[in-house]
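Me: I have a model open and would like to learn how to read it. Could we take it feature by feature?

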Amino acid sequence: PGRTERAWTVTHGAVHDAVRGGLNEEVLRRLHGSVAGWYERRVDDLSHLYPLLARHWVEAGVQDRALHYLELAGSQAMRTSAMPEAIRHYQLALRLSSEPEASVAVVDTLRRAHWERNLGDAHYACGDLERCAVHFGRALLLLGHHLPGARLGLVVHTCWQVARQAVHRLLPSTLLEAPQDRHPHLLEASH
């Protein structure tokens, strides 16, 4: 009565290479898209499949779906302290979103800044402070801020921010409220 479904997994590298070698790029793209779509339609909880779905959508050339799952996989990796994995996911998302031939709607700067900040956090957790600073700096630049370069600049900037906080504490918040459209940017920059 019911149709029997079979799931195929290619686990051996030589088999994988042989299958890939016999197919042209367009067929491979469609195959990856079909596999990813099958999982999306058939599996209720996709959370354990985020990296797999990201890879299939990347290979299928469907950047919006690939970016969606790369972001979810990166976030999941951050939550489980799998920092090297998070770094790979966010780096690929940034690379895909900046390709000129990408067939996706432009990724907004807030989303890119979020990826850069997460890369900074992941590199920090791995002990790579140099790369951490690079990604935090990029995130701030995307949000319209910058890190002061010289020690004097840092001191002046810190004094300015202390003064601003003092004014915020002394004056009613209605006088100093940031415009509503700036709130997400300010929240991201504050991390």
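This is a predicted model: local features need pLDDT of at least 70, side-chain atom pairs count only at pLDDT 80 or more; totals for chains, interfaces and linings use all residues.

Me: Which nonpolar core residues have the most contacts inside the largest core?

Reply: They are L53, W57, Y69 and W115, in a core of 27 residues. Helices α3 (50-60), α4 (63-79), α5 (83-98) and α6 (109-125) each give two or more residues to this core. The largest share, eight residues, comes from α5.

Me: How many helices and strands does the protein chain have?

Reply: The protein chain has ten helices and zero strands. Of its 191 residues, 28% are buried. Among contacts with a separation of 6 or more, 51% join residues 24 or more positions apart.

Me: How do I read the burial pattern along a helix?

Reply: An α-helix has 3.6 residues a turn, so residues three or four places apart point the same way. Now take α2 (residues 25-42), which has 18 residues and spans 26 Å from its first C-alpha to its last, close to the 26 Å expected. Its buried residues include L28, H32, G33, A36 and G37. These cover an arc of only 165 degrees around the axis, so they lie on the same side of α2.

Me: What does a side-chain oxygen of N24 reach at the start of α2?

Reply: That oxygen comes to within 3.1 Å of the backbone nitrogen of E26.

Me: Is S81 buried or exposed?

Reply: S81 is exposed, because its relative accessible area is 56% and the cut-off for exposed is over 50%.

Me: And A77, buried or exposed?

Reply: A77, in helix α4, is buried, because its relative accessible area of 3% falls under the 20% cut-off. Apart from neighbours within four places in sequence, A77 is in contact with A82, E85 and A86.

Me: How far apart in space are A77 and H89?

Reply: From C-alpha to C-alpha they are 8.8 Å apart, with a separation of twelve residues in sequence.

Me: What does the accessible surface of the protein chain come to?

Reply: About 12900 Å², of which carbon and sulfur atoms hold 58%.

Technical notes:
Residues are numbered from 1 along each chain as its sequence is written. Side-chain values use heavy atoms; hydrogens and water are left out. A nonpolar core is a set of buried Ala, Val, Leu, Ile, Met, Phe, Trp, Tyr and Cys residues joined through side-chain atoms within 4.5 Å. Buried means under 20% relative accessible area, exposed over 50%, partly exposed in between (1.4 Å probe, protein chains only). Helices (H or I, at least four residues) and strands (E, at least two) are DSSP runs, numbered from the N terminus. The expected span of a helix is 1.5 Å times one less than its number of residues. The arc is that of the directions from the helix axis to the C-beta atoms. A polar contact is a pair of N or O atoms within 3.5 Å; within protein, one must be able to donate a hydrogen and the other to accept it, and residues adjacent in sequence count only if both atoms are side-chain atoms. Contact means heavy atoms within 4.5 Å. Accessible areas come from the Shrake-Rupley method with a 1.4 Å probe; for residues, only the protein chains shown count as cover.
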